[in-house]
Amino acid sequence: MLTKKCMIGVVSTLALAVAGCAAPPAATGPQPAQATDQLRPGDTVTITVFGQDDLSGDQVVDSHGEISVVLAGRTKIAGLTPSAAEAALTRQLGNGVIVNPSVSIVVSKHLPVYIVGEVSKPGSYDWADDLRVINAVALAGGYTYRAQKGELRVIRYNDPAKSELPVDQTTQVAPGDTVVVPERWF
């Protein structure tokens, strides 16, 4: 039979074990890649207005975040998801222009990613889902022999300060981001 003192020890040990199972504090690392489901300037979207071939086609979201569709005028869609952009365009077309419009908006091409520095072929490359720094470097032909692989940085598209954030090879890259591969000195 357990004594009262022994029971308190067992309960204390269990409490510590349960506390150790709590979620660890949030890591304070590089800023995560922005959500890729939001439309941004430079994205190409395919707009389909069912039964209205003259209103359908590809459009690039301009620097103001807008598209221009005949009969609907200019519509701001940057910052919206494709489904929210569909709803906005449907509202504009439904304002006495078309009866019960049915609109579809699909992103056909995102902003590219840019890879600069000590890679074989620096430049811009098409973004793909779940793109990581190591994949972006591979798109650019791999590291040069002078690359400082431990000092990789990313400039996030949505960062107004355009700060170079330290990252590792597994960090996600979002459309419009710039991957910087610095040169080593020795």
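This report walks through a strand sheet, a set of salt bridges and a nonpolar surface patch in one protein model. The model is predicted, so please read each value below as computed from that prediction.

**The sheet and its helix**

Let's begin with the strands. Three of them form an open sheet, and their order is β2-β1-β5. The pairing in this sheet is antiparallel. Strands β2 and β5 sit at the edges, each pairing on one side only. On average, neighbouring strands of the sheet are turned by 30 degrees against each other, with direction ignored.

How many bridges join strand β1 to β5? Six bridges do so, and the two strands run antiparallel. Strand β1 covers residues 44-49. For a handy landmark in this pairing, look at I47, whose bridge partner in β5 is I105. As a general point, strands of a sheet pair through backbone hydrogen bonds, either parallel or antiparallel.

Helix α2 packs on this sheet, where it touches β1 and β5. The direction of α2 makes about 135 degrees with that of β5.

**Salt bridges**

Next come the charged side chains. Side chains of opposite charge can pair when their charged atoms come close. The structure holds eight salt bridges, and the table shows some of them.

| Pair | N to O distance |
|---|---|
| D43 and R40 | 3.8 Å |
| D62 and R74 | 2.1 Å |
| K109 and D126 | 3.9 Å |

Are D43 and R40 buried or exposed? Both residues are buried, and their side chains meet in a salt bridge.

The bridge between D62 and R74 has its closest N and O atoms 2.1 Å apart. This pair links distant parts of the chain, with D62 in the loop between β2 (57-60) and β3 (66-69) and R74 in strand β4 (residues 73-76), 12 residues apart. R74 counts as partly exposed because its relative accessibility is 45%, which lies between the limits of 20% for buried and 50% for exposed.

The side chains of K109 and D126 also meet in a salt bridge. Here K109 belongs to strand β5, while D126 is in the loop between β7 (123-125) and α3 (133-139); the two are 17 residues apart, and the pair links distant parts of the chain. K109 is partly exposed, with a relative accessible area of 45%. D126, with a relative accessible area of 53%, is exposed. Salt bridges that share partners also join D62, E66 and R74 into one network.

**A nonpolar patch around V97**

Finally, have a look at the surface. Which residues form a nonpolar patch there? They are V70, L71 and V97, which together have about 270 Å² of accessible area.

You will find V97 in the loop between α2 (82-94) and β5 (103-109). Since its relative accessible area is 36%, V97 counts as partly exposed. Leaving aside residues up to four places away in sequence, V97 touches L71 and Q92. L71 is also a member of the patch. V97 and A72 are 25 residues apart in sequence, and their C-alpha atoms are 8.0 Å apart in space.

Conventions. Residues are numbered from 1 along each chain as its sequence is written. This is a predicted model: local features need pLDDT of at least 70, side-chain atom pairs count only at pLDDT 80 or more; totals for chains, interfaces and linings use all residues. Side-chain values use heavy atoms; hydrogens and water are left out. Patches are made of residues with over 30% relative accessible area and no salt bridge: like charges are joined within 9 Å, nonpolar side chains (Val, Leu, Ile, Met, Phe, Trp, Tyr) within 5 Å. Accessible areas come from the Shrake-Rupley method with a 1.4 Å probe; for residues, only the protein chains shown count as cover. A salt bridge is a side-chain nitrogen of Lys or Arg within 4 Å of a carboxyl oxygen of Asp or Glu. Helices (H or I, at least four residues) and strands (E, at least two) are DSSP runs, numbered from the N terminus. Buried means under 20% relative accessible area, exposed over 50%, partly exposed in between (1.4 Å probe, protein chains only). Contact means heavy atoms within 4.5 Å. Two strands pair if DSSP finds at least two bridges between them. Axes are lines fitted to C-alpha atoms, for helices over the stretch in contact, and angles run from 0 to 180 degrees between N-to-C directions.
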